[in-house]
Amino acid sequence: MTTMTDPPQAEGFRIGQLIHDTRYRSYTFQFIALVLLILGFSWLAYNASQNEQLQSNGFSYEFLSAPAGYDINQQPIPYTSQDTHLRATVIGAINTIIVAVLACITATVFGVIAGVLRLSNNWIISKLMAVYVEMFRNIPVLIWIIIIFTVAANIFPPISEFRLPRDGSDPDRTLLFGMFAATNQGVFIPRLVFTGLGWLVALVFLASIAGVFGWRAHARKKLFDEGKVVPVLLPSIAILLLPTIVAYFILGMPVSVENPEMGRFRFEGGFLLRPSLIALWFALSIYTGAFIAENVRAGILAISKGQTEAAAALGMRPGRIMSLVVLPQALRVIIPPLISQYLNITKNTSLAIAVGYMDLTGTLGGITLNQTGRALECILLLMLFYLTFSLAISAIMNVYNNSVKLKER
């Protein structure tokens with residue numbers, strides 16, 4: 001590409017060069033954009049300063065240390081209504097992260113499966129996947145959330161069917177595998193209980209996951225640099241499990257599993273996934289999975305058909321061709337739009353308030369804002385949280401995108 005530049009001017013600098021001279025034109029427009037941006041923010045700040053409530057109460061976050069005075073139905077960490085607004089905000093943020101992470105994982109699974117199957121030679125399967133994609137992506141996600149919430153709250157049996165009858169006979173229903181119970185008040189599942197140095201075991205497990213990725217990178221480097229094939233599967237399993245098991249027993253088994261047990265009136269112990277959480281999680285997954293399916297289909301179609309035919313000529317089965325030849329190359333096309341879908345999931349979690357799930361919008365942006373009247377402070381905190389979380393997702397996915405892109409030698 002050739003860059004056109006004006007010849008040097010012998011007569012010195014003139015004001016007109018700021019527009020007509022390509023050496024200065026970009027700086028001129030950048031300066032104008034900066035001035036407009038500063039003026040825009042100044043106008044917003046001036047408008048906020050003229051607010052009567054803000055002038056009378058001032059700008060302060062002291063309300064975060066005051067008692068919240070309201071309950072939160074989904075509590076990933078202990079909380080009572082006497083705790084502070086700050087703790088309620090933290091719980092809302094954790095609830096948002098839980099839904100976003102779970103939905104990103106399951107939406108990716110749904111999207112990859114649907115995207116691959118939509119290109120199947122089986123006419124029925126490909127058309128079924130087309131119906132799934134067109135139906136879910138063309139109906140607003142809020143409607144899916146309400147539909148799934150209504151179904152989840154009515155399709156499962158009441159807790160009373162799990163109670164032991166007074167006559168000593170067997171209850172109508174029992175826990176699945178002694179650990180799971182699906183009721184109209186939610187799904188009860190086991191939970192991990194950490195005591196003493198249990199957090200250290202969790203830390204070792206997280207380090208083991210990082211070790212697995214490190215070993216896979218080492219194996220890939222050996223293959224590309226020296227042509228040596230280093231085993232990956234068994235060493236990865238050993239790296240993932242052995243350090244955690246050793247730490248678990250050395251530290252005196254500080255991590256245990258608590259199963260839900262039926263008490264006199266309700267289940268005790270375990271962890272409760274409320275219908276609002278299930279509805280939000282599943283609705284975001286299937287809705288966003290339809291968009292991801294199209295991204296996956298576009299990525300696969302972007303790969304030359306000749307590569308598929310060449311792999312088939314070598315005797316590779318269709319499944320191996322897809323996993324070893326097509327998908328690794330298609331990732332370069334799939335990942336950039338996939339990042340946008342993950343960001344959409346994160347932002348769409350704010351619809352949780354429609355089914356009463358207490359995420360960050362429901363706590364800080366809902367009850368806390370209404371109780372304290374600190375609208376500007378609460379909205380700024382909401383914007384800061386969503387911006388931080390979205391930038392973190394983008395940074396992580398861009399690192400992954402750089403690791404899978406083609407590297408020219």
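Analyst: Val141, Trp144, Ile145, Ile148, Phe149 and Ala152 are the α6 residues that meet α9. On the α9 side, the partners are Pro275, Ser276, Ala279, Leu280, Phe282, Ala283, Leu284, Ile286 and Tyr287. Contact here means heavy atoms within 4.5 Å. By class, this contact has 14 nonpolar, one polar and no charged residues. Ala, Val, Leu, Ile, Met, Phe, Trp, Tyr, Cys and Pro count as nonpolar; Asp, Glu, Lys and Arg count as charged; the others, Gly among them, count as polar.

This is a predicted model: local features need pLDDT of at least 70, side-chain atom pairs count only at pLDDT 80 or more, and totals for chains, interfaces and linings use all residues. Residues are numbered from 1 along each chain as its sequence is written, and side-chain values use heavy atoms, with hydrogens and water left out.

Now the geometry. Helix α6 covers residues 141–155 and helix α9 covers residues 275–301. Helices are DSSP runs (H or I, at least four residues), numbered from the N terminus. The two axes come within 8 Å and cross at roughly 135 degrees. Axes are lines fitted to C-alpha atoms over the stretch in contact, and angles run from 0 to 180 degrees between N-to-C directions. α6 and α9 are therefore oblique to each other. Under 35 degrees counts as roughly parallel, over 145 as roughly antiparallel, 65 to 115 as roughly perpendicular, and the rest as oblique. The crossing of α6 past α9 is right-handed, that is, the near helix is turned clockwise from the far one by less than a right angle.

Glutamate 294 in α9 pairs with arginine 118, at 2.5 Å from N to O. A salt bridge is a side-chain nitrogen of Lys or Arg within 4 Å of a carboxyl oxygen of Asp or Glu. Arginine 118 sits in the loop between α4 and α5, 176 residues from glutamate 294. Both residues are buried: buried means under 20% relative accessible area, exposed over 50%, partly exposed in between (1.4 Å probe, protein chains only). The value for arginine 118 is 18%.

At 33% relative accessibility, glutamate 134 is partly exposed. Shared partners join Arg118, Glu134, Arg137, Glu294 and Arg297 into one network. The structure holds ten salt bridges.

Terms used
Helices (H or I, at least four residues) and strands (E, at least two) are DSSP runs, numbered from the N terminus.
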